[in-house]
Amino acid sequence: METTTAPVRVQRVAQSRLKEVDFSNLEFGKYISDHMAMVDFADGHWHEPLVVPYSNLSFSPAMLSLHYGQAIFEGMKAFRRKDGSIIVFRPKKHIARLNKSLDRMCMPEISEELFMTSLQSVLDVDRDWVPSGEGASLYIRPVVFATEARLGVKISDTFKFIILLCPVGPYQAKPYKLKVEDKFVRTAEGGTGFAKCAGNYGGAFYPSKIAREEGFDQILWTDAKEHKYIDEVGMMNVLFVLNNKLVTPQLNTAILDGVTRDSILTLARDMGYPVEERRVTVAEVEEGFRNGSLQEVFGAGTAAVVAPIALINIHGTNYEVPAVKPDSFQLKVKQQLHDMRMGTAPDKHQWNWTLPA
Ligand code: COI
């Protein structure tokens, strides 16, 4: 059945899969909603967005993204409020980062207007998929990839932009155990670490698998040159409370400009909390464990939000992070983010974009 809700054409599923979703156990990435937004780039421009049933697509095995990795993605979230409205958190910042990733990978820019039209249309059609349980949200996964069929090493002339929607619960319940990586690298300065390129994640699988075999959950990545400075953790940014200051590695081309990271730093400054964005050495973190000045360590990312870290292995020695307390900074800031999204605290930075009930 095809309907037209100007300006986006919508082709609806014959039968929704919503009933199959176990909303009491929303494993991350398991359920994808009924529809997806889809836009094609060809002849030098992006075409009209469509909303179509989520389904397999057909591509050439010679498609350039499969061979040379011209593929990027984003991760954003929508939340259902008590009044039935849906808010999307900081879409402008995500679109800006998407465009930085596209630019780095020689892929065509997507305007805010095209992005928001596509997102709004698919979100409106699948609004019943936005969960309302505590800690639950709708994870939004925009992805852009090269579709031209050609084995020659070249920049593709055609691309696809798709937005998938995925109801999710809390990312990981248990605090993370990390291992400081001093052999493998996620990316180097000048590389693609700041962008959300598919290849950044695939390249991290092998060292992460080794870390898991050793009993850790994720890797604490260090700089590629000396393994002396901390970059980020697994698929998140990392923040420390050291001597009552919030300290985090300053952004460079090897570190992802996390939206949650930026939101936490902004809220910390609003709270009058001292913030330092600077190079953070592995040695000072180890020293902080030894002399007791290291009070908190947590990860920050769209999927995980604020993720407590329980243990860090530094060059073979396990150091336990002090337990999270009711007045820990990470809990306060997590609550503030939650309240702002749910509308129980003022949205003073205008971060929420609302789809009315
Ligand atoms: C996110 O937090 O959005 C991420 O990119 C992590 C993801 C790869 C699950």
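How far is a backbone N or O atom of threonine 302 from an oxygen atom of the ligand? The distance is 3.2 Å. Keep in mind that this is a predicted model.

**Who surrounds the ligand**
- Going up the chain, the shell starts with Phe28, Phe73, Gly75, Tyr139 and Arg141, among others.
- Also around the ligand are Tyr171, Lys196, Tyr201 and Met235, along with the run Gly301, Thr302 and Ala303.
- By residue type, the shell splits into 7 nonpolar, 3 polar and 2 charged residues.

**Polar atoms facing the ligand's oxygens**
- Lysine 196 uses its side chain here, with a polar atom 2.5 Å from a ligand oxygen.
- Alanine 303 does it through the backbone, where a polar atom sits 2.8 Å from an oxygen of the ligand.
- Threonine 302, the residue we opened with, also brings a backbone N or O atom to a ligand oxygen, at 3.2 Å.
- As for cover, the ligand has 280 Å² of accessible area on its own, and the protein covers 90% of that.

- The chain is divided into domain 1, residues 9–170, and domain 2, residues 176–342.
- Their C-alpha centres are 27 Å apart, and the contact takes 23 residues from domain 1 and 23 residues from domain 2.
- Interface size is often quoted as the accessible area that is lost when the parts come together.
- For this pair, the buried area is about 2,100 Å², and carbon and sulfur atoms give 61% of it.

**What links the domains**
- There are 15 residue pairs in polar contact across the interface of domain 1 and domain 2, counting pairs with both residues at pLDDT 80 or more.
- The salt-bridge count between the two domains is 2.
- Lysine 93 and aspartate 257 form a salt bridge, with their closest N and O atoms 3.6 Å apart.

Note on methods:
Residues numbered from 1 in each chain as written. Predicted model: local features only at pLDDT ≥ 70, side-chain atom pairs only at ≥ 80, totals over all residues. Heavy atoms only, no water. Near = heavy atom within 4 Å. Polar contact = N/O pair within 3.5 Å; in protein donor to acceptor, adjacent residues only side chain to side chain. Areas by Shrake-Rupley, 256 points an atom, 1.4 Å probe, with all protein chains shown as cover. Nonpolar A, V, L, I, M, F, W, Y, C, P; charged D, E, K, R; others polar. Domains from an automatic or database assignment. Contact = heavy atoms within 4.5 Å. Buried area = accessible area lost by both parts, 1.4 Å probe. Salt bridge = Lys/Arg side-chain N within 4 Å of Asp/Glu carboxyl O.
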